[in-house]
Amino acid sequence: MSQVHKVTLSKWIEHSQQGEYITLPFSVPDDIEEIKVELSFSHADENIIDLGLEDPNGFKGWSGGARKDIFVREDRATPGYTLGELPAGEWGVILNAYRVPVACEVNVLVTLMMSEKRWLKGDLHLHSNHSDGAFTLAEVVENARHADLDFVALTDHNTFSQNYQYPLVEDLAVIPGVELTTNRGHCNFYGVHKPFADFRCATKEDVQEKLDEGMANGAVISINHPHCSFCSWEWGLEHFDVKIVEIWNGPWSKQNQAALTWWDLQLQQGKKIVAIGGSDTHRLHETIKYGTPTTWIYSDMHTPRKLLEALTAGQVSIAGRPTSPWIQMQTGETLMGGTFKRNHDRTLIKIDIPESTGGLLKIITDQGDVFKSHKPAGTLSRTVEIPDSSLYVRAELWDAETDTPIVISNPIYFS
């Protein structure tokens with residue numbers, strides 16, 4: 001949970017001030033993730049005090065007398081308030097003494113949520129009725145909250161309308177996206193409402209054109225279910241500069257195993273590719289469900305922009321379901337996705353796995369499994385020595401009874 005800083009602003013308003021606009025200033029430091037404002041005043045059955053907000057750049061929004069508590073974030077806010085980054089500096093709670101027949105004391109509680117690195121879990125591959133899904137966008141949001149997810153990506157096929165119509169709720173970050181769906185493979189574009197103008201592709205050159213257009217517009221791109229038996233990536237993975245790949249799509253399968261094997265072969269060749277997962281949920285299904293699998297991202301803000309920055313950096317684990325743990329690895333100050341420069345003969349990697357039911361822990365390098373151990377139930381924190389010639393190290397925790405992964409980490413690379 002992020003650290004919070006609370007400030008109480010107070011003002012006595014006389015009847016003679018009825019009709020006046022009053023601003024209560026407060027300071028906002030750098031790296032603020034959310035600002036909450038809660039208004040209370042005496043004789044509330046008789047008095048009406050309107051509420052609004054301004055930031056250092058000017059007017060931010062207005063509730064009038066309709067609300068006594070509001071929040072603003074970079075990507076979502078109470079209706080009536082504009083979105084955008086929360087700049088440091090002097091802000092102001094705007095009050096309107098609309099009706100004050102009785103003098104009253106006004107108290108405003110301002111809560112500042114500070115940014116802080118933590119693990120956030122979500123589903124990076126979902127569909128709604130804006131393409132071939134059964135759920136409305138409101139149902140997608142509620143389904144994700146019910147699954148205890150922190151974020152979702154909207155990845156309807158070849159359309160962008162979903163990115164302009166989803167509801168904003170305080171506890172769920174919604175990443176705009178689209179699944180470029182061609183006759184020979186699919187890929188997701190994240191973080192941009194309309195990353196390309198037209199989806200139609202007939203050649204590899206057409207696909208590359210869409211990828212280039214999306215990247216030029218700031219999109220983060222992932223190749224989806226590359227070894228799927230129904231819609232595999234047939235354009236040739238070797239023809240594209242793959243940076244992110246969905247190795248786990250829906251329940252664990254032989255197609256996912258093939259994607260995991262392919263990804264590890266790329267790592268052995270010295271490539272740096274971030275592995276992610278997504279449920280690809282379209283409708284109610286016995287096994288395909290929200291957060292199956294779950295992608296955990298180690299982000300310092302609960303916003304699409306920061307989540308995608310951390311994802312691109314490789315600070316990611318993929319778990320079988322929302323209740324499964326993540327894996328965190330660290331060498332010195334280097335986290336997953338980073339490159340550690342060796343300066344001595346022995347390299348030690350610290351591995352943390354939160355509370356889980358246990359399983360078979362594998363530590364993997366380009367030389368294969370360098371460590372295997374049955375992890376008992378509970379929290380694990382241990383240090384493992386890695387061979388000096390290794391290009392990378394990553395970890396997997398497997399359910400030995402079902403022979404399926406519980407969680408897969410991304411690598412730390414070695415120079």
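Guide: E38 stands opposite D69 in β6. The model is predicted, so local features need pLDDT of at least 70 and side-chain atom pairs pLDDT 80 or more, while totals for chains, interfaces and linings use all residues. Residues are numbered from 1 along each chain as its sequence is written, and side-chain values use heavy atoms, without hydrogens or water.

Visitor: What makes β3 and β6 a pair of strands?
Guide: Strands are DSSP runs of E, at least two residues, and helices runs of H or I, at least four. Pairing needs at least two DSSP bridges; β3 (residues 32-41) and β6 have 5, so they pair, and they run antiparallel.

Visitor: Why is one side of β1 and of β6 left without a neighbour in the sheet?
Guide: The open sheet has 4 strands in the order β1-β8-β3-β6, with antiparallel pairing. β1 (4-13) and β6 (69-73) stand at its edges, each with a single partner strand, so one side of each has no neighbour in the sheet.

Visitor: Why is the contact of E34 with R73 called a salt bridge?
Guide: A salt bridge needs a side-chain nitrogen of Lys or Arg within 4 Å of a carboxyl oxygen of Asp or Glu. The closest N and O atoms of E34 and R73 are 2.6 Å apart, so the pair qualifies. E34 in strand β3 and R73 in strand β6 are 39 residues apart and link distant parts of the chain. Both E34 and R73 are buried (under 20% relative accessible area, with a 1.4 Å probe and protein chains only). By this rule the model has 19 salt bridges.

Visitor: Why do R145 and E142 count as partly exposed?
Guide: That class lies between buried and exposed, the latter being over 50%. R145 has a relative accessible area of 33% and E142 one of 41%, so both are partly exposed. Their closest N and O atoms are 2.9 Å apart, which makes a salt bridge. R145 and E142 lie in helix α1 (residues 137-146), 3 residues apart, about one turn of the helix.
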